[in-house]
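My notes follow the order in which I checked them.

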Amino acid sequence: MNSLFALEPSETLLKIRLAMAYTPRNLENHITVRPYNGFLYILKGTYTYSFREESFTARTGDLIYLPAESIPYSYSIGGEENAPAQTLQIEFELTDAKSRKPLSFSTHPFLVSPIDSHSVKYAMKAVISAHTNNAPSSRFIAEAELWRVFALCTEGGREESEDAAKKATAPALQYLEEHYADAVTSTELAALCHLSESQLRRVFKSTVGMSPMAYKKHLLHAAARNLLRVGEFRVGEVAQMLGF
């Protein structure tokens, strides 16, 4: 599935942790740790999210993706005096069925543009209804409806996801292109991007097509070929210049 969330249901384990409709009481909050992925649909009101030096505002009818292992972020909620904000929210775990590693699709919250906002709202309501039902089949119904939410989001939000990934990995990409001949570790690159090492590898590979260390080696080999092609240096000199 080549899409915003790049998921193949047969290769992904999905577990819903929370599903509810609610009126938020805290109108401002700062999130430092987010263990699960989430979707938040705004029925009424506005949400303004801030992280690093960026921000965006979501309004009635908008859908927000909240990634697991997100960088710290803050949000504030607005609504009319007699009409407080109302939301639908689903929290869920996503795990790669083969590696058993957790999955997320961004380093910070972002606004999704689904194919049909109204269909997303009804699918999320169906998830909430099934998740809070004790019938034996309810879990399967809830998960099926959540997959429907993913399906409705596959095309509309692709550009937002790609832009978020490019911005997240830009510091590491620039550093490698300027320091490919220097000693550098994945830990150092992840720190530059304010990501965990696993997040950096996943997001970097999705945008560049290879891991950060593989990209460093690619740049190093390209530089060596160019120096040898010029003909002014011997193999040993090139190796010493580039740290082979």
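This is a predicted model: local features need pLDDT of at least 70, side-chain atom pairs count only at pLDDT 80 or more; totals for chains, interfaces and linings use all residues.

**Aromatic pairs**

I described each pair by the distance of the ring centres and the angle of the planes. With ring centres within 6.5 Å as the limit, I got 14 aromatic pairs. I then took the pair F39 and F92, whose centres lie 5.5 Å apart with 35° between the planes. I noted this pair as tilted, because its angle of 35° falls between the cut-offs of 30 and 60 degrees.

Where do F39 and F92 sit in the chain? I found F39 in strand β3 (residues 37–44) and F92 in strand β8 (residues 86–96). They are 53 residues apart, so the pair links distant parts of the chain. I also checked accessibility, and both F39 and F92 are buried.

I next looked up which cluster holds these rings. F39 and F92 belong to one aromatic cluster together with Y65, F105, F110, W147 and F150.

**Open sheet**

I traced an open sheet of 4 strands and wrote down its order as β2-β7-β4-β5, with antiparallel pairing. Which strands stand at the edges? They are β2 (28–31) and β5 (54–59); each has a single partner strand, so one side of each lacks a neighbour in the sheet.

For S50 I looked up the bridge partner in β7 and recorded S74.

Note on methods:
Residues are numbered from 1 along each chain as its sequence is written. Side-chain values use heavy atoms; hydrogens and water are left out. Rings of Phe, Tyr and Trp (its six-membered ring) pair if their centres lie within 6.5 Å; planes under 30 degrees apart count as stacked, over 60 as edge-to-face and the rest as tilted. Helices (H or I, at least four residues) and strands (E, at least two) are DSSP runs, numbered from the N terminus. Buried means under 20% relative accessible area, exposed over 50%, partly exposed in between (1.4 Å probe, protein chains only). Two strands pair if DSSP finds at least two bridges between them.
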